[in-house]
Amino acid sequence: MTERVFELNGAEPAQLYGPSNTFLKQIGVHFPTLKIVARGHQIKVTGPGEVMDEFEDKLEAILAYVSTNKTLDQRAFDHLIQAQDAAKVNQTLLKDDVILHGPKGRIIKAKTVNQSRLIETSMVNDLVFAIGPAGTGKTYTAVALAVRALKNREVRRIVMTRPAVEAGENLGFLPGDLKEKLDPYLQPLYDALRDMLPKEKLEYFLENKTIEIAPLAFMRGRTLDDAFVILDESQNTTTSQMKMFLTRMGENARFIITGDTSQIDLPKHQKSGLKEAVSKLEGLKGIGIIKLDGRDVLRHPLVKQIIKAYEQKDWSWIKNQNTNSQD
């Protein structure tokens with residue numbers, strides 16, 4: 001048994017321990033073989049030496065984060081306490097991952113480790129799969145990357161698409177012209193764009209087709225050159241639809257495919273094109289795969305609990321999580 005005393009240099013105890021000692025209690029749960037006693041700016045720990053070393057690594061990373069940010073939220077704490085390399089994760093959390101500045105100075109940036117990985121992966125791969133549950137910011141981050149590429153003149157246009165599949169309900173007849181019928185399916189993409197572009201500029205880009213938002217069926221027969229292309233809700237593509245979409249990639253094209261395999265709305269007899277595509281394409285040079293999880297959820301705190309309650313451990317089809325083919 002080993003005993004060590006750690007000083008909280010550069011961090012206020014209240015920031016590290018959390019409200020009502022929430023974080024301190026969670027540290028104790030994560031290290032059940034250690035006896036942890038906190039008094040003011042000191043933490044006395046007793047337990048096995050090898051576990052003590054791991055505790056020290058994580059504590060140093062958490063202290064570094066608190067010293068820099070003067071705060072510690074649950075999302076950052078979860079990433080640090082669960083990481084195999086807490087110091088490396090801390091470096092990622094502290095990076096200034098600003099993607100772009102939206103209207104009225106709005107800052108669009110990565111807010112989680114996996115969103116940062118999505119940004120990094122998209123910079124070195126022309127085709128990226130971003131897979132994870134609702135609320136993890138995969139679509140929002142993808143749209144931000146597309147808008148940045150357009151602003152930086154890396155591409156000439158943005159094309160965003162998703163399959164027009166009803167989410168477990170029969171909407172029946174929808175009134176209006178074709179655009180009015182299809183817009184409800186595409187609304188999340190419009191919502192993201194409104195956060196990132198002034199109203200007048202967005203309307204101009206949509207009018208002259210610099211930004212195009214269309215159902216997946218409209219992609220057939222096209223070659224998408226000089227474009228940043230996003231396929232959203234890809235779990236609802238069939239095998240043939242996914243193959244059709246992937247083969248639209250033209251010169252100087254960048255693709256991001258987002259999806260959530262826990263929310264497949266296809267008929268039961270149809271396989272998800274997303275799952276099959278990842279299993280076939282994993283490991284190919286130029287293709288990156290990022291998996292987001294409950295720690296990346298940015299919506300109401302209850303959403304994390306809801307996802308956890310419904311979560312199905314169906315990730316066996318991804319052999320290596322967060323694969324990033326950079327060879």
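Me: How many bridges join strand 6 to strand 10, and do the two run parallel or antiparallel?

Reply: Strands are DSSP runs of E with at least two residues, and helices are runs of H or I with at least four, numbered from the N terminus. Two strands pair if DSSP finds at least two bridges between them. In this predicted model, strand 6 (residues 127-131) and strand 10 (residues 254-259) are parallel and joined by 5 bridges. Phe-129 stands opposite Ile-257 of strand 10.

The model is predicted, so local features need pLDDT of at least 70 and side-chain atom pairs count only at pLDDT 80 or more, while totals for chains, interfaces and linings use all residues. Residues are numbered from 1 along each chain as its sequence is written, and side-chain values use heavy atoms, with hydrogens and water left out.

Me: What is the order of the strands in the open sheet?

Reply: The order is 8-7-9-10-6-11, with 6 strands and parallel pairing. Strand 8 (211-215) and strand 11 (287-291) are the edge strands, each pairing on one side only. From one strand to the next, the twist averages 15°.

Me: Which strands does helix 10 touch?

Reply: Contact means heavy atoms within 4.5 Å. Helix 10 packs on the sheet and touches strand 6, strand 7 (157-162), strand 9 and strand 10. For directions, axes are lines fitted to C-alpha atoms, for helices over the stretch in contact, and angles run from 0 to 180 degrees between N-to-C directions. The direction of helix 10 makes about 155° with that of strand 10.

Me: Where is Asn-236, and is Asn-236 buried or exposed?

Reply: Buried means under 20% relative accessible area, exposed means over 50%, and partly exposed lies in between (1.4 Å probe, protein chains only). Asn-236 sits in the loop between strand 9 (227-231) and helix 10 (239-246). Asn-236 is buried, at 4% relative accessibility. Its side chain reaches the backbone nitrogen of Asp-265 at 2.6 Å.

Me: What is the count of salt bridges?

Reply: A salt bridge is a side-chain nitrogen of Lys or Arg within 4 Å of a carboxyl oxygen of Asp or Glu. The count by this rule is 9. One of them is between Arg-4 and Asp-53, at 2.8 Å from N to O. This pair links distant parts of the chain, 49 residues apart: Arg-4 is in strand 1 (residues 2-7) and Asp-53 in helix 3 (residues 49-69).

Me: With which other residue does Arg-4 meet in a salt bridge?

Reply: Arg-4 also meets Glu-56, at 2.6 Å from N to O. Glu-56 lies in helix 3 and Arg-4 in strand 1, so this pair ties together parts 52 residues apart in sequence. Arg-4 is partly exposed at 23%, Asp-53 is partly exposed at 38%, and Glu-56 is partly exposed at 25%.

Me: How many residues apart are Lys-280 and Glu-276 in helix 11?

Reply: An α-helix has 3.6 residues a turn, so residues three or four places apart point the same way. Lys-280 and Glu-276 form a salt bridge, with the closest N and O atoms 3.9 Å apart. They are 4 residues apart in helix 11 (residues 273-281), which means a separation of about one helical turn. Lys-280 is exposed at 59%, whereas Glu-276 is partly exposed at 26%.

Definitions and conventions:
Polar contact = N/O pair within 3.5 Å; in protein donor to acceptor, adjacent residues only side chain to side chain.
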